[in-house]
Number of protein chains: 2
Amino acid sequence: MVERAAEAFVPGHVTGFFSPHWADDPVRTGSIGAGLTLSDGVRVSVEPADHAAVEIDGESVEMEPVVDVIEAFEATPVVHVDTSIPIGTGFGVSGAIALGTALAMNERFEAARTENELVTIAHRAEVDAGTGLGDVVAQAHGGIPIRLEPGAPGHGHLDAIPTTTTLEYVVFDELDTATVIGGDTAAIEAAGRAALATLRADPTLPTFAEVSRQFSREADLLTDRVEETIAAVDDAGGEAFMAMLGESVVALDSGLSDAGYDAHRCTVHPPGATIVR
Amino acid sequence: MVERAAEAFVPGHVTGFFSPHWADDPVRTGSIGAGLTLSDGVRVSVEPADHAAVEIDGESVEMEPVVDVIEAFEATPVVHVDTSIPIGTGFGVSGAIALGTALAMNERFEAARTENELVTIAHRAEVDAGTGLGDVVAQAHGGIPIRLEPGAPGHGHLDAIPTTTTLEYVVFDELDTATVIGGDTAAIEAAGRAALATLRADPTLPTFAEVSRQFSREADLLTDRVEETIAAVDDAGGEAFMAMLGESVVALDSGLSDAGYDAHRCTVHPPGATIVR
């Protein structure tokens with residue numbers, strides 16, 4: 001008998017704009033907004049162990065949402081994470097690790113949960129830890145998800161922009177999600193709702209990039225470096241926006257290298273989170 | 001300016017069991033059930049033309065659901081279809097062509113529809129033509145979809161078995177979907193609801209194959225060749241089931257070649273329908 005497969009891939013997810021929504025129940029908590037899922041992301045594999053542990057690129061770490069995910073199963077694993085994008089820079093890495101752990105544990109330990117159940121476990125863990133509000137449901141979907149209603153499957157409601165693109169990104173520094181979404185978010189909420197209304201009226205990539213830029217200005221989240229970089233891409237005839245929430249810039253097509261930046265390149269990732277072997 | 005991309009890939013979809021549901025509104029009509037989406041499927045590309053036309057593997061055809069999809073746009077295309085699986089044999093080819101046409105037309109003619117809107121257009125066209133009830137929503141999702149509630153996005157509700165597998169299939173002959181789902185379907189409905197309840201209690205691939213076999217017996221849809229083939233795979237230690245609706249057999253892993261059959265081989269296709277260039 002061959003040992004059961006237990007590796008998951010979860011795409012990175014970069015939110016262009018959002019509006020947070022809190023409820024007493026974490027499965028009804030989340031965000032509306034829109035973003036891109038990326039072919040860059042995390043690989044998560046699990047194996048049985050005496051004590052649960054999480055290792056990112058070989059180093060042992062403490063990650064509250066992943067601990068919560070592990071506790072939803074009757075098993076103690078070592079979780080190995082291999083990530084091509086850094087944590088805390090706006091690419092949904094914590095959500096990707098939480099969801100990848102749920103998928104890989106379900107496969108390895110034959111837990112017989114459905115996709116919606118695993119997404120719910122990972123979404124709840126992210127909300128409880130304050131590390132994210134909408135990445136997990138977007139990463140489960142793949143492509144270019146529009147989050148119409150907040151929350152886990154059965155509560156939240158998604159649509160998507162049905163196209164694909166190559167894209168580029170640069171990472172300057174981290175921003176702490178918990179600090180930003182834990183403070184006064186009135187300006188973010190108003191700007192996020194306005195951006196979603198405009199995108200729904202014209203659900204295309206150029207409009208997504210435009211309303212995302214406008215959102216980051218109105219919500220007062222731009223840093224000087226991000227603002228300069230977006231302007232440089234614009235001057236070179238491209239389209240860029242700030243990654244929520246990190247000091248990072250994402251451009252459609254070759255917008256950043258056209259403007260002279262040394263950027264990472266990847267594509268939109270249609271599959272969403274999957275078991276890969 | 002480079003011409004906009006306009007080719008879509010839509011996976012084949014083989015339903016293992018189902019229960020039809022009819023409503024006055026085609027977007028509320030559909031089926032519950034479960035199936036596998038396949039890496040074998042159809043490629044659909046469109047280009048502007050003076051008169052709308054559909055060509056499958058280079059031959060001009062009349063396809064009612066595709067005509068309906070074309071009429072939902074302000075453009076007349078030639079639709080080129082390249083399919084690796086035959087129509088009418090239980091692999092959702094008509095739904096794949098309808099959905100692929102919707103995706104490719106949206107991209108080529110910059111129609112600015114969302115994913116849910118395009119899936120709705122294709123689902124409605126399939127229901128109106130009587131060619132399918134659940135393939136389109138499954139093909140949009142990818143993976144191993146469970147159709148919990150019937151209908152187009154906003155009405156239907158999907159979950160999935162969060163794993164993947166290689167699989168094999170043999171095709172003996174066509175069955176006419178419209179004849180089977182247009183007749184007395186009381187036995188199908190009862191067997192389909194029972195199969196879904198069992199699968200929800202243990203959402204795994206072996207249980208999916210088992211309840212699908214049981215469904216085809218209880219709904220009295222097995223032909224002699226299909227029954228013999230499923231039994232031969234079982235004797236060789238494998239798992240197989242009948243494709244709804246075609247005289248075709250699908251086996252998990254290498255079940256058919258292990259039993260001595262010359263079978264097509266492919267994998268589950270996580271992405272669902274996508275624009276590919």
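By what turn, and with what RMSD, can chain A be laid on chain B? A turn of 180 degrees with a shift of 0.0 Å along the axis places chain A on chain B with an RMSD of 0.0 Å, where the copies are superposed by least squares on the C-alpha atoms of residues with pLDDT of at least 70 in both. The two copies are thus related as by a two-fold rotation axis. Within chain A, the residue that comes closest to this axis is A:Pro271, its C-alpha lying at 1.8 Å.

The model is predicted, so local features need pLDDT of at least 70 and side-chain atom pairs count only at pLDDT 80 or more, while totals for chains, interfaces and linings use all residues. Residues are numbered from 1 along each chain as its sequence is written, chains are lettered from A and ligands numbered from 1 in the order in which they are written, and side-chain values use heavy atoms, with hydrogens and water left out.

We turn next to the interface. Contact (heavy atoms within 4.5 Å) joins 25 residues of chain A to 25 residues of chain B. Because 100% of the interface residues of chain A are also interface residues in chain B, the copies meet through the same surface. Together the chains bury about 2000 Å², with 56% of it on carbon and sulfur atoms; buried area here is the accessible area (1.4 Å probe) that two parts lose on being put together, summed over both. On the chain A side, the residues that lose the most area to chain B are A:Glu115, A:Asp159 and A:Pro162, which together make up 27% of what that side buries.

Helix packing is described here for chain B. Helices (H or I, at least four residues) and strands (E, at least two) are DSSP runs, numbered from the N terminus. Axes are lines fitted to C-alpha atoms, for helices over the stretch in contact, and angles run from 0 to 180 degrees between N-to-C directions. Helix H1 (residues 64–71) of chain B and helix H2 of chain B have axes that come within 9 Å and cross at roughly 20 degrees. That makes H1(B) roughly parallel to H2(B), given that angles under 35 degrees count as roughly parallel, over 145 as roughly antiparallel, 65 to 115 as roughly perpendicular and the rest as oblique. In this contact, B:Pro65, B:Val66, B:Val69 and B:Ile70 of H1(B) meet B:Ile97, B:Ala98, B:Thr101, B:Ala102 and B:Met105 of H2(B). By class, these residues comprise 8 nonpolar, 1 polar and no charged, with Ala, Val, Leu, Ile, Met, Phe, Trp, Tyr, Cys and Pro counted as nonpolar, Asp, Glu, Lys and Arg as charged, and the others, Gly among them, as polar.

H2(B) (residues 93–108) also packs with helix H3 (residues 115–129) of chain B, their axes coming within 9 Å and crossing at roughly 145 degrees. Residues including B:Ala98, B:Leu99 and B:Ala102 of H2(B) and B:Leu118, B:Val119 and B:Ala122 of H3(B) make the contact, which has 7 nonpolar, 3 polar and 1 charged residues.

Most residues other than glycine have a negative phi, and most peptide bonds are trans. The peptide bond from A:Met244 to A:Leu245, however, is cis, with omega near 5 degrees, and A:Leu245 sits in the loop between strands S9 (240–242) and S10 (246–252) of chain A. In chain B, the bond from B:Met244 to B:Leu245 is cis, with omega near 5 degrees. A:Asp57, a residue other than glycine, has a positive phi near 45 degrees and is found in the loop between strands S3 (53–56) and S4 (59–61) of chain A.
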